[in-house]
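Hi everyone, thanks for making the time. Let me put the model on the screen, and then I'll walk you through it.

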Number of protein chains: 2
Amino acid sequence: MVGIEDVAAAAGVSTATVSRAIRGLPRVSPRTRAKILATAKELGYVPSSAASRLASGKTRTIGVLAPYVDRWFFGKAIDGVDRELHGRGYNLSLFNLGGRTQPRERLFSKAMVQKQIDALLLLCMYLNEEEIEDLHAIDMPLVVVGGPVPGLSNVGIDDYQASRTITEHLIDLGHRHIALLHGQDDSDLNFSVPRIRGEGFYDAVHHAGLEFDPDTALFGDFTVKSGVEALRRFLELPEPRPTAIVCASDEMALGVMFEARRRGIRIPEDLSVVGIDGHEMGAAVGLTTVWQDPTAQARRGTRMLLSELGGDEGAVRPEKAEQRLIVRESTAPPRR
Amino acid sequence: MVGIEDVAAAAGVSTATVSRAIRGLPRVSPRTRAKILATAKELGYVPSSAASRLASGKTRTIGVLAPYVDRWFFGKAIDGVDRELHGRGYNLSLFNLGGRTQPRERLFSKAMVQKQIDALLLLCMYLNEEEIEDLHAIDMPLVVVGGPVPGLSNVGIDDYQASRTITEHLIDLGHRHIALLHGQDDSDLNFSVPRIRGEGFYDAVHHAGLEFDPDTALFGDFTVKSGVEALRRFLELPEPRPTAIVCASDEMALGVMFEARRRGIRIPEDLSVVGIDGHEMGAAVGLTTVWQDPTAQARRGTRMLLSELGGDEGAVRPEKAEQRLIVRESTAPPRR
DNA sequence: TTGTATGCGTTATCAC
DNA sequence: GTGATAACGCATACAA
């Protein structure tokens with residue numbers, strides 16, 4: 001295999017100069033640089049990343065910690081990270097944690113992970129006290145994209161405002177009896193997207209002077225399937241049932257809509273449905289929602305990380321992302 | 001930072017022994033191994049992967065090349081790879097290529113990529129001759145998951161059979177005039193999933209002695225949105241229109257169904273719709289399809305790679321994945 | 001601007 | 001079963 005010494009010999013220079021030339025560092029005359037680049041290409045020289053990492057201490061790799069990769073928000077976000085990284089010679093190392101089950105497994109890996117990456121991008125998920133503590137202990141640029149984590153900088157929408165906005169939209173339409181489909185029963189977690197979205201809902205309802213019947217609080221897990229199941233439970237509620245339902249995510253809202261149609265419940269005539277996220281399928285079925293752009297958020301977070309690595313201290317900091325109410329056909333005034 | 005020498009010194013042994021002990025190699029007495037492991041833990045020792053890579057030549061990282069990460073098949077597949085890797089101490093390096101545009105960009109990166117990984121898992125996509133050639137030149141275990149690539153081992157369903165099966169299901173129901181929603185206009189590519197799925201369709205139609213009107217061949221790009229648009233074009237076809245439509249993917253079929261409902265076209269009374277893939281939302285809306293499991297396929301492919309790396313030559317080889325016709329409510333006999 | 005020399009932290013090959 | 005030591009391939013002070 002051709003190494004830096006071969007290039008140096010062939011170009012009649014030292015390895016130090018080759019190193020500088022290849023990496024585009026200053027202090028290399030245009031002539032020698034050109035010559036080196038040419039011979040390097042000719043010999044098919046490719047630097048050994050392993051050696052480079054060892055010698056420089058930099059991995060040129062950023063890690064992405066995600067609870068899922070096959071769910072809307074995370075897929076979009078990972079895509080965004082990748083887009084920023086490529087072309088800049090950075091690699092993306094993916095670490096899937098798997099939902100809320102066995103988060104312990106990682107406590108050890110974390111230490112290993114740390115030596116494999118220069119910076120870490122965390123995608124919103126449920127974290128316990130201990131894990132948050134571990135995160136704080138990690139000594140490298142770190143940003144979270146999505147839900148807020150106490151003490152860490154994050155790029156994401158204001159989830160409280162999002163659910164409050166979408167709920168008030170229903171109230172403005174005249175709804176007085178609204179059900180809620182939570183993202184998860186996480187009453188034990190203090191900081192998490194599902195919880196915050198729930199609070200926005202409650203505050204909107206109470207602020208409007210309305211009552212919320214605890215029996216109309218349903219729980220799902222952000223999947224379409226759980227939305228389907230939620231609607232079935234909704235139909236078991238005693239009459240008069242709520243005239244609208246706020247879903248903590250578009251994916252669940254879609255499930256609710258699908259099953260409603262199947263059961264002959266008309267939307268929005270019989271039931272208004274809203275979600276949060278801006279899932280592409282929502283547009284196709286006319287779902288009213290609060291839109292956000294996970295890809296853009298992830299790109300922004302990645303750029304912060306890169307800047308920080310580039311020496312720009314303070315580049316990583318909290319930043320609110322764009323969000324927008326999009327009214328479509330799944331909402332209308334209640335009929336009764 | 002604590003290195004292997006610190007551990008060796010503290011444990012009163014040589015670095016060589018520490019190395020063996022830590023990696024679980026033989027030729028270390030139980031006693032010394034226990035002692036070493038204990039002091040290593042005590043000192044918080046974590047091996048430097050960079051140094052290990054340099055010395056051993058192995059990266060313990062497998063690369064995943066994907067055209068998208070935020071699309072159903074790919075998200076599921078990446079998830080599968082990750083699941084197999086974690087726990088075995090392997091890392092997952094993700095390389096997003098981006099659809100069919102600028103595939104050239106990679107030709108150089110490929111060489112760089114090669115030194116960063118021990119094996120490569122390719123997710124089905126469009127490849128030109130040149131790229132296939134490059135792939136063959138790569139000297140490491142390589143497997144493709146999804147569509148077949150000439151000369152390379154792949155794990156995936158029989159796409160020809162899938163589309164043929166789904167088309168024959170419609171023919172069996174009595175449909176004589178069937179439209180096709182291609183995954184893409186890729187008449188210039190010889191081997192790709194969309195093309196193969198198209199062939200299965202044509203063969204089924206011709207084998208049944210039916211005619212296919214070229215005007216009823218529509219084109220999409222596997223997204224829900226393109227399905228929506230395809231239905232609009234479908235409605236512009238002169239009467240009598242086809243009584244059924246075969247979509248090259250569930251995502252497109254979903255788009256077709258959504259827009260059909262919006263336009264007041266009843267499914268399956270006015271139009272039968274079928275897809276291929278087994279997308280979760282298909283179940284929620286009653287879409288008839290040919291199911292497959294990308295996660296399982298990716299896990300299988302990953303395991304082959306790992307076996308091959310483990311010295312089991314010939315572990316990587318072509319393997320057909322499970323597929324199954326699932327009849328739901330989007331199909332029925334034609335009314336005319 | 002360019003060259004020299006040392007260090008980076010393991011792994012692996014021998015001996016013992 | 002254990003130890004000494006030479007690679008591994010590049011980055012980077014420091015010197016020229």
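**Protein, DNA and sheets**

Let's begin at the DNA: an N or O atom in the side chain of A:Ser19 sits 2.6 Å from a phosphate oxygen of DNA strand D. I call that a polar contact, meaning a pair of N or O atoms within 3.5 Å; within protein, one must be able to donate a hydrogen and the other to accept it, and residues adjacent in sequence count only if both atoms are side-chain atoms.

Some housekeeping: this is a predicted model, where local features need pLDDT of at least 70 and side-chain atom pairs count only at pLDDT 80 or more, while totals for chains, interfaces and linings use all residues. Residues are numbered from 1 along each chain as its sequence is written, chains are lettered from A and ligands numbered from 1 in the order in which they are written, and side-chain values use heavy atoms, with hydrogens and water left out.

Staying with DNA strand D, its phosphate oxygens also lie 2.6 Å from a polar backbone atom of A:Ile4 and 2.8 Å from a polar side-chain atom of B:Thr32. Helix 2 and helix 4 of chain A, together with helix 2 and helix 4 of chain B, are the elements giving two or more residues to this surface. Helices here are DSSP runs (H or I, at least four residues), and strands are too (E, at least two), numbered from the N terminus. Around DNA strand D there are 26 residues, and A:Ile4, A:Ser19, A:Tyr45, B:Thr17 and B:Arg20 come nearest; being near means that one heavy atom of the residue lies within 4 Å.

Now, DNA strand C. Which part of it does a polar side-chain atom of A:Arg20 approach? A base oxygen, at 2.6 Å. B:Ser19, by contrast, has a polar side-chain atom 2.5 Å from a phosphate oxygen, and a polar backbone atom of A:Ser14 is 2.9 Å from a phosphate oxygen. Helix 4 of chain B gives the most to the surface near DNA strand C, with 4 residues. By class, that surface has 13 nonpolar, 10 polar and 3 charged residues. In this count Ala, Val, Leu, Ile, Met, Phe, Trp, Tyr, Cys and Pro are nonpolar, Asp, Glu, Lys and Arg are charged, and the others, Gly among them, are polar.

Next, a helix pair in chain B. The axes of helix 2 (residues 15-23) and helix 3 (residues 30-43) of chain B come within 9 Å and cross at roughly 90 degrees. That makes helix 2 of chain B roughly perpendicular to helix 3 of chain B, a label for angles of 65 to 115 degrees.

Where do the chains join? Strand 2 (residues 91-96) of chain A and strand 2 (residues 91-96) of chain B run antiparallel, with 3 bridges, and A:Leu92 has B:Leu94 as its bridge partner.

Chain B also has an open sheet of 6 strands, ordered 7-6-8-9-10-12. There, strand 10 (residues 288-292) of chain B pairs with strand 12 of chain B in the antiparallel sense over 4 bridges, and B:Thr289 stands opposite B:Ile326.

Technical notes. Pairing = 2+ DSSP bridges. Axes fitted to C-alpha atoms, helices over the stretch in contact; angles between N-to-C directions. Parallel < 35°, antiparallel > 145°, perpendicular 65-115°, else oblique.
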